[in-house]
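Let us walk through this structure contact by contact. Keep the sequence and the 3D view side by side.

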Amino acid sequence: MNISLRPTARRARLALVTTVAASAGVAGLLGMGGVAHAATQAPRGFVVIDSCTGVSGKISYSPGMVKVKKPLIHAVLTGTTSGCADIFNGPESGTGTFTAVMSGHANLNAENFSGTFTINWPASSGFNPSNGSLTVTESGGLENVSGTVSSGFDTGTAFAMQYVTTGNTGTGGPLHPVTAQTYTNTQALTLSRNEG
């Protein structure tokens, strides 16, 4: 039976799981005469709560991007997500959507965008959309996306993804700027929570 937990119940369950795991580790260390050996415990760090292995779609630019100048560009990124899963409920059948509305100074060689995003999870998940803010920076042809969920499902989690562009509409010259690009992800879309 697959039961969808509310975010507060999921957080409580995650805290319980990590507490039990930590207690089991301490109990194992106390096995030798009740004395703790190797008492240093590694920090847990960020734990991926939700993820989608596939994200691809289109980015529209206004005005279009060129090769040299870096004017203020407005961008809208839309995409379809697939291979989504939740740490507690497992894989989610079907697809969802990812949308970001951004702006920043950019050209075809360097981008620096910031804006807002919405993740609409597959209908099979039963989850509300996740909304938040993000930044996109380019490094060596890879677009690195990071942000935070500020409302909706999994509020407070860290958002991350990486993608590459796979096609251009336009050449990037003054007369034919790039008004749109297609993209596909190179690292999964993830929402992570810091557990210590």
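Start with Arg-193, which is buried, its relative accessible area being 14%. Buried here means under 20% relative accessible area, exposed means over 50%, and partly exposed lies in between, with a 1.4 Å probe and protein chains only. This is a predicted model: local features need pLDDT of at least 70, side-chain atom pairs count only at pLDDT 80 or more, and totals for chains, interfaces and linings use all residues. Residues are numbered from 1 along each chain as its sequence is written, and side-chain values use heavy atoms, with hydrogens and water left out.

Where does Arg-193 sit? Its place is in strand β9, residues 178-194. Strands (E, at least two residues) and helices (H or I, at least four) are DSSP runs, numbered from the N terminus.

Now look at charge. Side chains of opposite charge can pair when their charged atoms come close. A salt bridge needs a side-chain nitrogen of Lys or Arg within 4 Å of a carboxyl oxygen of Asp or Glu. A search of the whole structure finds 1 salt bridge. Asp-154 forms a salt bridge with Arg-193, and the closest N and O atoms are 3.9 Å apart. This pair links distant parts of the chain: Asp-154 is in the loop between β7 (142-152) and β8 (158-169), Arg-193 is in strand β9, and they are 39 residues apart. Both Asp-154 and Arg-193 are buried.

Next come the cysteines. A disulfide is a pair of cysteine sulfur atoms within 2.5 Å. The count comes to 1 disulfide. Cys-52 and Cys-84 form a disulfide, with sulfur atoms 2.1 Å apart. Cys-52 is in strand β1 (residues 46-65) and Cys-84 in strand β2 (residues 72-86), 32 residues apart. Both cysteines, Cys-52 and Cys-84, are buried. The torsion about their S-S bond is about 100 degrees, so the disulfide of Cys-52 and Cys-84 is right-handed.

Finish with the rings. Rings of Phe, Tyr and Trp (its six-membered ring) pair if their centres lie within 6.5 Å; planes under 30 degrees apart count as stacked, over 60 as edge-to-face and the rest as tilted. The structure holds 7 aromatic pairs. The rings of Trp-121 and Phe-153 have centres 5.9 Å apart and planes at 80 degrees, so this pair is edge-to-face. Both Trp-121 and Phe-153 are buried. Elsewhere, ring pairs link Phe-98, Phe-117 and Phe-159 into a cluster.
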